[in-house]
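Trainee: Could you walk me through this one and show me how to read its features as we go?

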Amino acid sequence: MKRRLPWILLAVSLAVMTAGLLLGEYNKVLEKAITVCLDCIGIG
Amino acid sequence: MGAKLKSQSPRKPRDRRPWYQAVFALGLNAWIPSWFKGEIFQGGIKGVCVPALNCYSCPSAMGACPIGAMQTFFGGLRFNLSVAEKKFGLYVAGLLAAVGSAVGRMPCGWICPFGFIQELFHKIPTPKIRIPRFMTFFRYAVLATMVVALPLLIVDEFGYGQTWFCKWICPAGTLEAGIPLILIKADLRPLIGFMYYWKLGLLVLFVGWFVLSRRPFCRTVCPLGAFWGLFNKVSLFRMAVDDEKCTLCDKCHKDCPVDIKIYESANSPDCVRCLKCVSSCKFGAISYEFLGKREVAPDLRVKNRAESSG
């Protein structure tokens, strides 16, 4: 079980990531990333 | 004969990690034209979260900061639920967990530009200060409150939460984005106020701490390191210490950039897996294992080959 745990975690993580991509979350991140984050630079 | 013996003698391997760190720091911030245009890179690949704390408002940043992205999802969750929009942050959480499951905190030691900056400042020769162990638990509080709880719980009239960590703490944002953007975008300068000076002051304090202590931000504040550290004990990449070979000489501890005693806990959540201890151990007591393959220090491999052939 101890040897399988990282593989199980990896598989679940990749499944969660894929679900997020299918829900269109990539575009949400892109939308945030291409806008100057005023909070990040301290003038928000 | 003499030349043959010389070629077989064990040589001290050069530490190539700073070069990897430099290449990753430049690679993650490679869009140099943005600096001259006075804007940030806006290419379609910027939705890819990078495995490091690297501000996406750095003019040349090629990818998104996972901690900033995560806070955005938590901050927007209540609004999204109220309008039945299914955006839960699964992409970012899954990506971070996948990296953690594979290699644990290894990106902190090899990829993160902010970790690299801390190590560079620490090379300045001054008296050094050890960080008390209790302070290393503070990063979990930062992760739980600034990244998860506050963006989720404190929302405006529209249901949006703030990116609390970016806004109040993140010195990487100030260094990589705050200072450069103010320098290259004149229209932002009139907006400078208390928050800008707060973050600038915090950055100055952190830089002073970088000089005095080993990677203090990574060890006491970084929420990304806190998250990946949770995977160190269960990741595919594993560190191992052979108790029979270890002489407790403490050389690994003295060389460790995060000041840990790996012989006490091989897969400590504080370890950034830089593998410095593997090469500094003269006795071959420290090794790492990935996908069933175990490795010891390169100089010991050379020594073992020389011994077996002679």
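Trainee: Which are the buried residues of α2(A)?

Mentor: They are E25(A), K28(A), V29(A), L30(A), K32(A) and A33(A). When you read a list like that, recall the helix geometry: an α-helix has 3.6 residues a turn, so residues three or four places apart point the same way.

Trainee: What does the rest of chain A look like, in terms of helices and strands?

Mentor: Chain A has 3 helices and 0 strands, in the order α-α-α. Its C-alpha atoms fill a box of roughly 50 × 25 × 10 Å along the principal axes, and 39% of its 44 residues count as buried.

Trainee: And how should I treat confidence there?

Mentor: The general idea is that where pLDDT is low, the predicted coordinates should not be read in detail. Chain A averages a pLDDT of 92, with 95% of the residues scoring at least 70. Within the chain, α1(A) has the highest confidence, at 97, while α3(A) has the lowest, at a mean of 84.

Trainee: On to the interface, then. How many residues of chain A are in contact with chain B?

Mentor: You'll often see the size of an interface given as the accessible area lost when the parts come together. Here we can count residues instead: 29 from chain A are in contact with 47 from chain B. On the chain A side, α1 (5-22), α2 (25-33) and α3 (38-41) each give two or more residues, and α1(A) has the largest share, 11 residues. By type, that side divides into 20 nonpolar, 5 polar and 4 charged residues.

Trainee: Now chain B. How do I judge whether its overall fold is compact?

Mentor: Begin with the inventory, which is 16 helices and 3 strands. Then look at the radius of gyration: it is 22 Å for chain B, close to the 19 Å that the globule rule gives for 310 residues, so the chain is as compact as a globular protein of that length. The C-alpha trace of chain B spans about 75 × 40 × 40 Å along its principal axes, and 46% of the residues of chain B count as buried. Another thing to read is contact range: of the contacts in chain B with a separation of 6 or more, 69% are between residues 24 or more positions apart.

Trainee: Where do the domains of chain B fall?

Mentor: Domain 1 is 17-229 and domain 2 is 237-309, and their C-alpha centres lie 30 Å apart. The contact between them takes 19 residues from domain 1 of chain B and 10 from domain 2 of chain B. On the domain 1 side, α5 (90-103), α6 (107-110), α7 (113-122) and α12 (216-220) of chain B each supply at least two residues, and α6(B) gives the most, with 3. That side divides into 7 nonpolar, 5 polar and 7 charged residues.

Trainee: Last one: which residues have the most contacts inside the largest nonpolar core?

Mentor: Those are L53(B), V92(B), F165(B) and I262(B), in a core of 93 residues. The largest share of this core, 11 residues, comes from α5(B). Both domains of chain B give residues to the core, so it lies between them.

How values were computed
Residues numbered from 1 in each chain as written. Chains lettered and ligands numbered in written order. Predicted model: local features only at pLDDT ≥ 70, side-chain atom pairs only at ≥ 80, totals over all residues. Helix = DSSP H or I, 4+ residues; strand = E, 2+ residues; numbered from the N terminus. Rg over C-alpha atoms; globule rule 2.2 N^0.38 Å. Buried ≥ 20, exposed ≤ 12 C-beta atoms within 10 Å, placed from the backbone. Contact = placed C-beta atoms within 7 Å. Domains from an automatic or database assignment. Nonpolar A, V, L, I, M, F, W, Y, C, P; charged D, E, K, R; others polar. pLDDT = per-residue confidence, 0-100. Core = buried A, V, L, I, M, F, W, Y, C linked by C-beta atoms within 7 Å.
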